[in-house]
Amino acid sequence: MTRILAMCFGLGILFLLTGCGSFDSDPSTDISPAALRSRFSPLEVPTIQTSQNPRVNLGRELFYDKRLSTGENTSCNSCHLLNAYGVDGHSYSTGHAGKLGGRNAPTVYNAGLNLAQFWDGRAKDLVEQAKGPILNPVEMGMPSSAEVITRIKSIPSYAPAFRQAFPDSPDSITFDHFAEAVATFEQGLLTPSRWDRYLEGDTSAFNEQEKQGLKLFLKTGCASCHAGRGLGGNSYQKLGYPKSWPNQHDLGRYQVTSLDRDRMVFKVPTLRNIEKTGPYFHDGQVASLNEAIDLMAQYQCGKKLSADEINRIATFLKTLTGPLPEKYIANVDSAAKDDTLAMPRNEAANGKGAGR
Amino acid sequence: MRRTWMMLSGAIIVVAAVLVAGCSSNNIPAPETRSPRSSSMEVMLGADPQVRSTVHRACYNCHSDQPRYPWYASVWPSSSLVHSDRQTALARLNFSQWDRLSPEMSKIRLLDACAMMTDNKMPLWYYRPLHPEARLSAQEVQHFCAWAHSLNSMAEAR
């Protein structure tokens, strides 16, 4: 009898509350650093003197070197501009022979924190990733790994640099070593920000608006996916859940696994430096950060935020912008690899720039 | 009188049919979109039998690709609440799709689950009266949390 009464009561409550929409059973909105550290971790930059590391130096040189593309006009830095937060500001990047890439070039900063690389996670780490674009016909367009090695060997300065970077290998100039050097350099592309100071206990790192924005970020449920050291980059999620994403042309991880469960599943991008890394999403179709927040709240969290709420979350997200590691990315020998000296292609339009 | 009864019965049947047929999608994943068992938390992390039994009994209805729906999940308006709650639940935690998480995120999800159970926020208060089997004992919560913490200690030691 008691059970029946309880069921009736429960059912009655259910019926009454159905019109209220979903219950927000958590998420915790405790913004004390101690509470936050259960979901987020501060970014620690290794204190090793990386500029003295020959493998890092070699990786940096390779990263900037346009001669390693078929047309000798494209380097890693052409699409991942290190003085523009690792992006080029375009929806799709232009590669070999003016061809456009199929997805928005993600930032290379903090990419070492990701669980895998590329939007669909098809490379398990930075080493595997570094072997992709150089051979991709719409990116750097080199015909084969053997051609890459031939090209590197034709540039005299690389022989001693590879020997220093890989002293234990009799044949130091290999495609694997090329990728390893680029990846080692990329591992150091880290940008701690005021957020990390806050997490470590310095609550004065945020003003009142930023704290309110953080609270709303948590309350909206953003931290379900954007958590951890990178505030993202550590899981795959279906894009457009609960609401179906409008652009269904690119099926994301399905293209890697061919499993139906992976349709429209993408790697969750990091939110570090997010104000600087637009346009947003895998298709780069959203130019403004506020619009991206609005869409995410609707399509991933099932919530419609007001303009004021969107502004508050954006205010918090801007605390995730860290200064660029100017010394680490400095391109010393830049005769043939001068992307960093040029203004990013969209700088004037977007107000992007190094260190701003 | 007889006619009135017939009309009333007819109306009840029609309303019941509309309520059942008109319920929104019950959100049971189609077989081809379900995750293989090898992707589940219990397999990927090698959960012990007690942890498995706890999460299956108390969590899987909302937090997995294998829900067992009660009758009221097919009747409006409760169907819409069930549907919406399940979507929120899956967005936050899906035990069937553990292969989509990095070790860091796996740790966050487990410790979150531990905190939610310890704070008595899960299972949801309004879910419990209709699902007495989902209630968790203090010992079960303690065991789950101890297991989750031990995994993290092992990961950190590596």
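This is a predicted model: local features need pLDDT of at least 70, side-chain atom pairs count only at pLDDT 80 or more; totals for chains, interfaces and linings use all residues.
1. Chain B. The secondary structure of this chain consists of seven helices and zero strands, and its order along the sequence reads α-α-α-α-α-α-α. Chain B has 158 residues, of which 32% count as buried. When contacts between residues at least 6 apart in sequence are taken, 77% of those in chain B join residues at least 24 apart.

2. Domains of chain A. Two domains are assigned to chain A: domain 1 spans 23-45 + 192-320, and domain 2 spans 53-191 + 323-350. Their centres, taken over C-alpha atoms, are separated by 27 Å. In the contact between them, 29 residues of domain 1 of chain A meet 21 residues of domain 2 of chain A. On the domain 1 side, the elements that give two or more residues are helix H11 (254-257) and strand S2 (265-267) of chain A. By class, that side of domain 1 has nine nonpolar, 13 polar and seven charged residues.

3. Glu44(A). This residue is located in the loop between helix H2 (33-36) and helix H3 (54-64) of chain A. Is Glu44(A) buried or exposed? Glu44(A) is exposed, because 11 other C-beta atoms lie within 10 Å and the exposed class covers counts of 12 or fewer. Along the chain, Glu44(A) and Leu190(A) are 146 residues apart, yet their C-alpha atoms are separated by 8.5 Å.

4. The largest nonpolar core. This core has 51 residues, and those that touch the most other members are Phe217(A), Ile313(A), Leu317(A) and Met117(B). From chain A, the elements giving two or more residues to the core are helix H9 (194-199), H10, helix H12 (289-299) and H13; from chain B, they are helix H3 (49-58), helix H5 (78-92), H6 and H7. Which element supplies the largest share of this core? H6(B) does, with seven residues. As general background, nonpolar side chains in soluble globular proteins tend to be buried together.

5. Packing of H10(A) against H13(A). The axes of helix H10 (residues 208-220) and helix H13 (residues 307-317), both of chain A, come within 7 Å and cross at roughly 110 degrees. The two helices are therefore roughly perpendicular, since that class covers angles of 65 to 115 degrees. H10(A) contributes Gln209(A), Glu210(A), Gln212(A), Gly213(A), Leu214(A), Leu216(A), Phe217(A) and Thr220(A) to the contact, while H13(A) contributes Glu309(A), Arg312(A), Ile313(A), Thr315(A) and Phe316(A). This contact comprises five nonpolar, five polar and three charged residues. With neighbours within four places in sequence left aside, Phe217(A) is in contact with Cys222(A), Ala223(A), Ile313(A) and Phe316(A).

6. Positive phi at Tyr85(A). Although Tyr85(A) is not a glycine, its phi is positive, at about 60 degrees. The residue is found in the loop between helix H4 (76-79) and helix H5 (126-130) of chain A. Tyr85(A) is classed as buried because 29 other C-beta atoms lie within 10 Å, where the class requires 20 or more.

7. Positive phi at Phe118(A). Phi of Phe118(A), a residue other than glycine, also has a positive value, near 75 degrees. Phe118(A) lies in the loop between H4 and H5 of chain A. With 19 other C-beta atoms within 10 Å, Phe118(A) is partly exposed.

8. Cis peptide bonds in chain B. The bond from Trp76(B) to Pro77(B) is cis, and its omega is near 10 degrees. Pro77(B) is found in the loop between helix H4 (60-63) and H5 of chain B. The bond from Met122(B) to Pro123(B) is also cis, with omega near -10 degrees, and Pro123(B) is found in the loop between H6 and H7 of chain B.

9. Arg135(B). The loop between helix H6 (103-118) and helix H7 (138-157) of chain B also contains Arg135(B). Arg135(B) is partly exposed, with 13 other C-beta atoms within 10 Å.

Technical notes: Residues are numbered from 1 along each chain as its sequence is written. Chains are lettered from A and ligands numbered from 1 in the order in which they are written. Axes are lines fitted to C-alpha atoms, for helices over the stretch in contact, and angles run from 0 to 180 degrees between N-to-C directions. Helices (H or I, at least four residues) and strands (E, at least two) are DSSP runs, numbered from the N terminus. Angles under 35 degrees count as roughly parallel, over 145 as roughly antiparallel, 65 to 115 as roughly perpendicular and the rest as oblique. Two residues are in contact if their C-beta atoms, placed from the backbone, lie within 7 Å. Ala, Val, Leu, Ile, Met, Phe, Trp, Tyr, Cys and Pro count as nonpolar, Asp, Glu, Lys and Arg as charged, and the others, Gly among them, as polar. A nonpolar core is a set of buried Ala, Val, Leu, Ile, Met, Phe, Trp, Tyr and Cys residues joined through C-beta atoms within 7 Å. Domain bounds come from an automatic or database domain assignment.
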